[in-house]
Amino acid sequence: MKIGVTGATGQLGTLVIKELKKRIPHDEIVVLVRTPEKASKLGVETRKFDYSNRDGLTDSLKGIDRLLLISSNEIGQRAKQHLNVIESAWKNGVKWIVYTSLLRADNSSLSLAAEHHTTEQAIIDSGIDYTILRNGWYTENYANTIKGAVEGGAYIGSASNGRISSASRADYAEAAAVVITDESHKGKIYELAGDDSYTLHDLAAEVSKQSGKKIPYKNLTEGEYIEALKSFNVPGPLAEAIAGWDVSASNDDLYDGSKQLSQLIGRPTTPLSESVREALKKL
Ligand SMILES: NC(=O)c1ccc[n+]([C@@H]2O[C@H](COP(=O)([O-])OP(=O)(O)OC[C@H]3O[C@@H](n4cnc5c(N)ncnc54)[C@H](OP(=O)(O)O)[C@@H]3O)[C@@H](O)[C@H]2O)c1
């Protein structure tokens, strides 16, 4: 049995490989990566694999039984890229695709949802067995902004009082490894998120508590937040996307109370306090 993993040189993929190595013989893991040099440290079979090179994907999935398709990070290009991968999986007789999607990709207001939903549908329509892991927000998305908040003396955003159920990449990675090594998950669509939810006010309060500095959360209008991000040299389109995601968060699109992630991994998800502690250590 061979399990292929795309995006294995990324932050999530690296953690998935670490978890898979604990569970199955290493010669059953094949990483499918755009940059093979980056994969040498993973210590498993490596094949060159670029989502956007449709012709180049022809034989790359030969002998792969199960495929973990970690979504591409090239926003706007990825539905097309993922379709290339699904076509190659079909041609090569892959029996099961596990895909990392987005929380409630079928009805989320997040601008990211459409490409994920298109991919989900294409996988289902291919007739290949599937499992969809609809991953919620990574806590690291916020943890990475803590430095700026501590230096600037305030946490800014447009999420208002929206509740966010994020989890760490390590939590989602473990779930992916659990799922792809157990066929009982075939045909399921999981909504994955952290056990606990918080608002950005709560996040700022936690940062204040742990850093010993008063860091209030300042809620901005979408337009104000875009301008603030641009003033920190965030390119315009990205600033608009980030602010838009916060507006979606204000509508609770990053909230989920089902605790399916902790059920899959058999332990509580990483608490916000721990992620903040880790982020503050790096300052
Ligand atoms: N839930 C969330 O909060 C959240 C946040 C950010 C991203 N995401 C999604 O989750 C995915 C994994 O997250 P991450 O943190 O691991 O992202 P990441 O660190 O940016 O890794 C992305 C991976 O995708 C690979 N990739 C990009 N374009 C490719 C292409 N054309 N062909 C083959 N491989 C390609 C990259 O390869 P290289 O190493 O060669 O660049 C890398 O391995 C992201 O790609 C994105 O879709 C989710």
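A: The protein is split into domain 1 (3-135) and domain 2 (143-163 + 195-255 + 268-281), with bounds from an automatic or database domain assignment. This is a predicted model, in which local features need pLDDT of at least 70 and side-chain atom pairs count only at pLDDT 80 or more, while totals for chains, interfaces and linings use all residues. Residues are numbered from 1 along each chain as its sequence is written.

The largest nonpolar core has 85 residues. Such a core is a set of buried Ala, Val, Leu, Ile, Met, Phe, Trp, Tyr and Cys residues joined through C-beta atoms within 7 Å; buried means that 20 or more other C-beta atoms, placed from the backbone, lie within 10 Å of the residue's own. Helix H7 (residues 169-180) supplies the largest share of this core, 8 residues; helices are DSSP runs (H or I, at least four residues), numbered from the N terminus. Each of domain 1 and domain 2 contributes at least three residues to this core.

Val-5, Val-16, Val-31, Leu-68, Ile-97 and Ala-176 have the most contacts inside the core. Leaving aside residues up to four places away in sequence, Val-5 touches Gly-13, Val-16, Ile-17, Ile-29, Val-31, Leu-32, Leu-68 and Ile-70, where contact means C-beta atoms, placed from the backbone, within 7 Å.

Key: A residue is buried if 20 or more other C-beta atoms lie within 10 Å of its own, exposed if 12 or fewer, and partly exposed in between; C-beta atoms are placed from the backbone. Helices (H or I, at least four residues) and strands (E, at least two) are DSSP runs, numbered from the N terminus. Two residues are in contact if their C-beta atoms, placed from the backbone, lie within 7 Å.
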